Amino acid sequence: MKIIVAGLPKTGTTSLSTALNQLGFKVYDFFEHYHVHRDQWMKVFNEGASNEDFRSMYEDVDAVADVPPCYYWEEIYKAFPDSKVILTLRDDEESWFRSYLRQSDKWETSIVSFLRLTSQAARDFRSFTDCTDFAVFAQYKQRWLDCILRRSKILNSLNYKISYRSHNSHVIASVPSDKLLVFKVKQGWKPLCDFLGVEIPTNAFPHKNVGGSEVQDFIDHDPLFKTIKTQTMITVSLLVISFAFVMYFVFDLIS
């Protein structure tokens, strides 16, 4: 482990992860945490974890970003004390919350959310994101009806902004200055490459997950969504067959 990205979601972490990949680092972002270490993270949420647990999870990875590690950055830092920490920030907490809420709404009103009714994989995924959200922000995401009706925004805004503020202040106060980079992705390659001691690439700095585009990327490309669709097709087929059998016996009884 060389780099811990301690910035909260929607602070440019996906762009930074892509940049680190381009620089040759092996990066685990949100979907790697889910696909590779879901069981270990659920254990962390429910039982806690030791330094050795985090070492075994990430000893072969160069960098971690996004949730859940950004919240557990300090424990991961203790497990890998030679690593550097990058705190990604937005210009202000209001723009951060608007971006976070927009992405949350996209997830909650997407087909992935509705397919929890027909897919165990979708329910497992939601359980993971619920546990993550509660760990980081001490509250669960809004349900789909709240998102559609735009309920609970004031409460969410207050709680989320306090969490954002407290998290960033704690990182800045806790990490030695020579091991910490406070970074906004609009700064581009130079401060990042100077901090890591690597050459500056000639290509433009990546700009990813704009407007919560990761939701559609997940639907289009992630193998988990293929599993969700397959399970849904099986569930619907079984329901249709069961309904046909019931109707057959009903008509048989009344005829």
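The buried residues of helix α1 (residues 13-22) pack against β1, β2, β3, β4, β5 and α10 (189-196). Those buried residues are T13, S15, L16, S17, A19 and L20. Buried means under 20% relative accessible area, exposed over 50%, and partly exposed in between, with a 1.4 Å probe and protein chains only. Helices (H or I, at least four residues) and strands (E, at least two) are DSSP runs, numbered from the N terminus. After α1 comes G24, with a positive phi near 100°.

This is a predicted model, in which local features need pLDDT of at least 70, side-chain atom pairs count only at pLDDT 80 or more, and totals for chains, interfaces and linings use all residues. Residues are numbered from 1 along each chain as its sequence is written, and side-chain values use heavy atoms, with hydrogens and water left out.

### Overall build

The protein has 12 helices and 5 strands. Its C-alpha atoms fill a box of roughly 85 × 40 × 40 Å along the principal axes. Of its 255 residues, 48% count as buried. A contact means heavy atoms within 4.5 Å. Among contacts with a separation of 6 or more, 75% join residues 24 or more positions apart.

### The sheet

The 5 strands form an open sheet with parallel pairing, in the order β2-β3-β1-β4-β5. β2 (27-28) and β5 stand at the edges with a single partner strand each, so one side of each has no neighbour in the sheet. Two strands pair if DSSP finds at least two bridges between them.

Strand β4 (residues 84-88) is largely enclosed by the rest of the structure, because 4 of its 5 residues are buried.

| Pair | Bridges | One facing pair |
|---|---|---|
| β1 (residues 3-5) and β4 | 3 bridges | V5 and I86 |
| β4 and β5 (residues 180-183) | 4 bridges | T88 and F183 |
| β2 and β3 (residues 63-64) | 2 bridges | Y28 and V64 |

### Loops around the sheet

K10 sits in the loop between β1 and α1. Its phi is positive, about 70°, although K10 is not a glycine. K10 is buried, at 9% relative accessible area.

D66 lies in the loop between β3 and α4. It too is a residue other than glycine with a positive phi, near 70°. D66 counts as buried, at 7% relative accessibility. P68 is in the loop between β3 and α4 (73-79). A cis peptide bond joins V67 and P68, with omega about 0°.

D92 belongs to the loop between β4 and α5 (93-108). D92 is partly exposed, with a relative accessible area of 37%. A polar atom of its side chain lies 3.0 Å from the backbone nitrogen of E94. For the backbone nitrogen of S95, the distance to a polar atom of the D92 side chain is 2.8 Å. D92 and K161 are 69 residues apart in sequence, yet 9.9 Å apart in space, C-alpha to C-alpha.

A nonpolar core is a set of buried Ala, Val, Leu, Ile, Met, Phe, Trp, Tyr and Cys residues joined through side-chain atoms within 4.5 Å. The largest has 53 residues, and W41, Y58, F218 and I228 have the most contacts inside it. Apart from it lies another core of 19 residues, among them F25, A65, L181 and L192.

Leaving out residues up to four places away in sequence, I228 touches V112, L115, S119, A121, A122 and F218. The side chain of T232 reaches the backbone oxygen of I228 at 2.9 Å. A polar contact is a pair of N or O atoms within 3.5 Å; within protein, one must be able to donate a hydrogen and the other to accept it, and residues adjacent in sequence count only if both atoms are side-chain atoms.

T232 is found in helix α12 (residues 223-254). T232 counts as buried, at 12% relative accessibility. With residues up to four places away in sequence not counted, T232 touches L115, T118 and S119.

UniProt, in an unreviewed entry, lists residues 233-251 as "transmembrane region". Its positions are given in the numbering used here, feature names are shortened, and annotations may be inferred rather than shown by experiment. Over residues 233-251 the chain is 100% helix and 0% strand, with the end C-alpha atoms 27 Å apart.
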